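Work through the exercises below with the sequence and the model in view. Each task is followed by a solution in steps.

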Amino acid sequence: MRPAKLGSTIVFAVGMTIVLVYFLLGFALRNAFREADLGRLARVAARAAASDLRDIPNGVTVVLLRDGSFTWYGPEGTPPPTFQDGRVHLGVAEGIEYAAVPVQQPGQPQETVYAIRDAPGVLGATLRFLSDFWWQLLVAGAIAAAIALVLARWLARGMTQPLRDMAQAARRMETGDYGQRVQTTSRDEVGQLATAFNRMGAELESLERLRRELVANVSHELKTPISALRAHLENLLDGVEEPDPETLQVMLSQSERLSRLVDQLLDLSRLESGELPLRREGVALRRLVAEVLSEVEVVRSGREVRVEDRVPEDIPPVFADRERLHQVLFNLLDNAVRLTPPGGEVVVSAHRVDGRCEVSVADTGPGIPAEHLPRLFERFYRVDTARARDDGGTGIGLAIARSVVEAHGGRIRAESEVGKGSVFTFDLPVAPATGTETRRAS
């Protein structure tokens, strides 16, 4: 809302409040003129009793009471009350205002002259008060409205400044500038909105950074094996190389790397979009860990790293998709063995915590600096870029592991100390007594 609109709204509200206050004031003071009206009626009646009344005021009727009967000098209406004490009486009765003045003449019966008029109703008396003081009310209302307008514009500018800043920042965000932030010190709804806007801007900026990094990393990862394949093919065509088993094996390895990268990207995309179905069942964790360890030993047979299985025999089955859980364990163990120097150790352990099972993979590798831990599970993020690429890593394994664990309703985290190694831990729900469930990842 613009300051002018807000100011107009406040002035309108103040004006309506003033009108209501004035009307209530008129209602409360509607009888303030009654004594003055009765005094005027008394003067009219006195002049009529003294035979000195030439013109009867508008709305007033003169009545003469003689020998118990009324004589009307004007429109006949409600008879006034009668009095026999010879005194002047003023009052209101039966919807009329009256003034009774006795006439004493020697040797004549007592007469009473009345000046009467219809008593105004509640609405009439209220409007009469307002009409008599309209200019005072108008001046007071104008002054109050002017003060309200000045204060409203002053307050509105301070209240709506964050909104105008947000509108300007949003227009800049439309052009791709996600670094815009709104400064505010208030803690009301506008301040909360500004805080939420800043948080949204930070998330958009982070998403834009991740998008650019993803495009750059995917391009690089796809370019590397494609370039290698192209170079070998060109050499074969030019006769520089012979199609011997060694050359073909190198080309096959590059094509497998390319295929593995594409498959991992497709898996990650389906996991994050919730389109990958999960067939959840009770999975014997100890048996699955032993199976994965045997596969890792085959793949990394020359690493000279000792791998120890400390999963207890009585650990309960977990409720998970066996194939996806195998993928998580293989990624974590393969990374641990690949990055641990010769003579090091990798330990797999598990224990139950309430209704969940926590699985940990610890290594004695070089460790991960603390500043890298928050981004460790992002796609294509590497702590040591050169070593990871040379050793065949794609930088997607941990991102897939996080997506799989979160799709099962769990959480994965990493703890590390430089020079002492790292520990990756994730948790999964313990399997119910019986049952298999198929659903999509979400």
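**Exercise 1.** Which residue just after H10 takes a positive phi?

Solution. The model is a predicted one.
Step 1. Find helix H10, which covers residues 397-407.
Step 2. Go to what follows H10: Gly409 has a positive phi of about 85°.

**Exercise 2.** Describe how far helix H10 is covered, and name its buried residues.

Solution. 
Step 1. Helix H10 has 11 residues, and nine of them are buried, so "mostly covered" describes this helix.
Step 2. The buried residues of H10 are Gly397, Leu398, Ala399, Ile400, Ala401, Ser403, Val404, Val405 and Ala407.
Step 3. For the background, buried residues make up 36% of the 442 residues in the protein chain.

**Exercise 3.** Describe the packing of H8 against H10.

Solution. 
Step 1. The two axes come within 9 Å and cross at roughly 145°.
Step 2. The crossing of H8 past H10 is left-handed.
Step 3. On the H8 side, the residues that meet H10 are Arg324, Gln327, Val328, Asn331, Leu332 and Asn335. On the H10 side they are Gly397, Leu398, Ile400, Ala401, Val404 and Val405.
Step 4. Sorted by class, this contact has seven nonpolar, four polar and one charged residues.

**Exercise 4.** Is Asp427 buried or exposed, and with which residues is Asp427 in contact?

Solution. 
Step 1. Asp427 sits in strand E12, residues 421-429.
Step 2. The relative accessible area of Asp427 is 9%, and the cut-off for buried is under 20%, so Asp427 is buried.
Step 3. Neighbours within four places in sequence are left aside; Asp427 is then in contact with Arg356, Cys357, Glu358, Val405, Gly410 and Arg411.
Step 4. With the side chain of Arg356, the side chain of Asp427 makes a polar contact at 2.6 Å.

**Exercise 5.** Classify Arg280 and Arg40 by accessibility.

Solution. 
Step 1. Arg280 belongs to strand E6, residues 277-283. Its relative accessibility is 6%, so Arg280 counts as buried.
Step 2. A polar atom of the Arg280 side chain lies 3.5 Å from the backbone oxygen of His408.
Step 3. Arg40 belongs to helix H2, residues 34-49. Its relative accessibility is 38%, so Arg40 counts as partly exposed.
Step 4. Arg40 and Ala115 are 75 residues apart along the chain, and their C-alpha atoms are separated by 9.1 Å.

**Exercise 6.** How many helices and strands does the protein chain have?

Solution. The secondary structure comes to 10 helices and 13 strands.

Note on methods. Residues are numbered from 1 along each chain as its sequence is written. This is a predicted model: local features need pLDDT of at least 70, side-chain atom pairs count only at pLDDT 80 or more; totals for chains, interfaces and linings use all residues. Side-chain values use heavy atoms; hydrogens and water are left out. Helices (H or I, at least four residues) and strands (E, at least two) are DSSP runs, numbered from the N terminus. Buried means under 20% relative accessible area, exposed over 50%, partly exposed in between (1.4 Å probe, protein chains only). A polar contact is a pair of N or O atoms within 3.5 Å; within protein, one must be able to donate a hydrogen and the other to accept it, and residues adjacent in sequence count only if both atoms are side-chain atoms. Contact means heavy atoms within 4.5 Å. Axes are lines fitted to C-alpha atoms, for helices over the stretch in contact, and angles run from 0 to 180 degrees between N-to-C directions. A crossing is left-handed if the near helix is turned anticlockwise from the far one by less than a right angle, and right-handed if clockwise. Ala, Val, Leu, Ile, Met, Phe, Trp, Tyr, Cys and Pro count as nonpolar, Asp, Glu, Lys and Arg as charged, and the others, Gly among them, as polar.
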